[in-house]
Every structure is written in C-alpha cells, then in structure tokens.
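Here is a short briefing on strand pairing and charged side-chain contacts. Look over the sequence and the model, then read the points below.

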Amino acid sequence: MHSYLKAIGFEQMSHAKLMEILNQVVDQPNYMNIAKDSQGDEFVEFSKDFGKSVGITVCGSYMEDGSFEMEYYFPYFIGTGVTSKEHIEIEKHSDKESYAAVCDDIKLGVTLIFFLQNVAEYLKQKSAWKKNVVPKMSATLAGLSLDGKILLPINKSEVQIQKKEQMTRTRNQMIAAAREGDEDAIESLTLEDMDMYSMLSKRIVKEDILSIVDSYFMPYGVESDQYSILGEILNIEYIENTFTGTRVCVMTLDTNDLIYDVCINEENLLGEPMVGRRFKGNIWLQGMVK
C-alpha cells in the first residue's frame with residue numbers, strides 16, 4: 001500500500017481491498033489519458049476522484065490480448081492557482097515511466113523537485129515540441145502530509161511586515177543578479193548570510209527557534225521530493241473521502257511568498273488550523289505542469 005494513501009483519507013487496508021479500489025479506478029475513471037512513452041510504447045493513465053481534488057491515479061499499458069497491466073499507482077491531490085513560473089526541467093525516473101520535475105525558484109533559494117502528476121498530458125505535449133526547443137512552463141504544486149501540527153503565528157507590526165516584504169524583494173533581485181554572475185550581488189548575499197547567522201546565534205540563546213524563524217522549506221529524508229515545511233495558513237477547507245467517509249484538511253500555505261496547498265488526514269493533524277496560524281510538517285511534493 002502506498003504510504004501517502006492515508007493523507008487523502010484511506011486507512012491501512014488489506015491487499016485484496018486495495019486491489020478492489022485500484023480496479024475501480026481502472027474500470028470507472030473520471031479521467032483517462034493515453035500517450036506514447038519514452039520507449040514509443042502506449043502509456044495509459046487512469047484517474048478517479050475520491051473527493052474534491054483528491055484521488056488515485058493508476059498508470060500502465062494494454063497487453064496484446066486487450067488486458068490492462070498496471071505499472072504503478074499513486075494518490076494525488078490537485079492544488080490551486082499557479083505556484084511557480086520559473087524554469088522547469090523534467091526527468092524520467094529510472095525504474096518506471098514516472099517523472100520528476102525540477103524548478104529552481106528564487107523565492108525559496110533551494111531547488112524544488114516534485115513528482116509529476118500529469119505524465120500522459122506532458123508526454124503528448126512533448127511529442128509536438130520542436131527539437132531542442134522547450135516551451136516555458138508553469139507549475140501548480142501540492143503536498144501530501146502524514147503528520148503535522150499547528151503553531152501560533154509570530155506577532156508582527158505593520159511596519160515589520162512592510163520591512164520584511166521590502167527585504168524579500170531586494171534579496172530576490174540580488175539572487176537573480178547572482179545567477180547572472182554579478183559578483184557584487186554574490187558578495188552582498190554572502191555578507192547578508194553571515195549577518196543572519198550571527199543574529200541567530202545571539203537570539204537562539206534566549207528565544208525559541210520557531211519564534212525567530214517565520215517559515216522554512218527544507219529537503220527532508222533521502223527522497224528528493226519530500227520536504228519539511230513551515231508556512232502561514234491563508235485558507236482552510238475540509239474534504240470528505242467519498243469511499244471511506246474520512247475527513248481531510250486542505251490548507252493553502254505561504255512559505256517565503258511561495259503559495260501552495262497541503263492535504264492531510266484530519267486525524268494526523270495536531271492542533272486547530274486557523275487562518276493566520278502556521279502549519280509545520282513533512283510533505284511529499286507533487287505538481288502539475290502546463
């Protein structure tokens with residue numbers, strides 16, 4: 001059983017029950033896409049919703065006798081809006097016809113790697129691209145979480161909020177310049193990081209780290225598409241899994257101006273989510289590219 005099925009409302013189940021659900025996805029899909037895979041073979045993608053924006057996708061191919069053979073499946077949660085318009089590269093996983101997307105977003109300062117949800121759509125679009133020409137793509141990111149907690153917000157005045165926004169804009173401009181090879185920008189960023197480290201070293205002696213750090217987005221574990229996050233809650237919605245009746249909580253988060261959605265089983269969420277509070281947890285990052 002895929003470990004992140006629990007995030008969209010499925011509890012631990014037997015292999016027979018899981019196969020029953022996967023067969024239902026193949027027999028009664030809400031969406032079906034067919035494309036040529038990297039080897040030129042037929043790739044089939046079935047997706048079935050088990051609640052608003054959450055469901056299971058089954059991928060595989062048809063055999064010569066007309067039967068469908070599953071290669072892999074995964075639970076999905078479809079986010080809202082456009083998370084990033086930065087340059088995106090897409091690479092195939094070595095063991096199966098699934099893909100990872102890589103996005104170097106200035107707002108975070110780290111390279112985002114996420115599991116591609118719309119593989120068949122990407123393969124169909126890619127076949128129409130001119131050789132060595134990759135069009136500009138945008139990404140809608142979403143996270144599935146198995147464990148998380150709600151934290152109180154940091155009390156900030158209007159002046160502090162405006163100052164932070166100005167500093168963020170200035171830093172993003174310097175990062176963009178540093179990417180282009182601007183040595184002054186690189187030096188300024190280095191000095192800024194040193195000052196920040198010095199400030200943190202002094203404050204951490206008397207203050208809690210989560211009262212100093214407003215938000216973060218860091219790689220977590222050994223898998224490249226999993227992250228440890230802390231972000232401000234902008235919106236909350238509860239969705240019921242139509243198969244199990246389990247409620248899941250969907251939160252729109254803001255981490256360093258990166259806006260994305262996270263889905264978590266209500267039973268695995270510690271604390272009461274409210275707009276303005278913060279969510280802290282680990283996520284499996286997925287996304288759709290357009």
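Glu207 and Arg203 form a salt bridge, with the closest N and O atoms 2.9 Å apart. A salt bridge here is a side-chain nitrogen of Lys or Arg within 4 Å of a carboxyl oxygen of Asp or Glu. The model is predicted: local features need pLDDT of at least 70, side-chain atom pairs count only at pLDDT 80 or more, and totals for chains, interfaces and linings use all residues. Residues are numbered from 1 along each chain as its sequence is written, and side-chain values use heavy atoms, leaving out hydrogens and water.

**Salt bridges**

- The structure holds five salt bridges, and one of them is the Glu207 to Arg203 contact.
- Glu207 counts as partly exposed because its relative accessibility is 32%; the class lies between buried (under 20% relative accessible area) and exposed (over 50%), using a 1.4 Å probe and protein chains only.
- Arg203 is also partly exposed, at 30% relative accessibility.
- Glu20 forms a salt bridge with Lys17, and their closest N and O atoms are 3.7 Å apart.
- Both Glu20 and Lys17 sit in helix 1 (residues 15–27), three residues apart, about one turn of the helix. Helices (H or I, at least four residues) and strands (E, at least two) are DSSP runs, numbered from the N terminus.
- Glu20 has 40% relative accessibility, so Glu20 counts as partly exposed.
- Lys17 has 33%, so Lys17 is partly exposed as well.
- Asp95 and Lys96 meet through their side chains in a salt bridge, at 3.7 Å from N to O.
- Asp95 is exposed, with a relative accessible area of 59%.
- Lys96 is partly exposed, with a relative accessible area of 24%.
- Side chains of opposite charge can pair when their charged atoms come close.

**Strand 14 and its partners**

- Strand 8 (residues 139–151) runs antiparallel to strand 14, joined by 12 bridges. Two strands pair if DSSP finds at least two bridges between them.
- Asp147 has Asn282 as its bridge partner in strand 14.
- Strand 10 (residues 226–240) is also antiparallel to strand 14, with seven bridges.
- Gln226 has Trp284 of strand 14 as its bridge partner.
- Strand 7 (residues 111–116) pairs with strand 14 in the parallel sense, over two bridges.
- Phe115 has Gln286 of strand 14 as its bridge partner.
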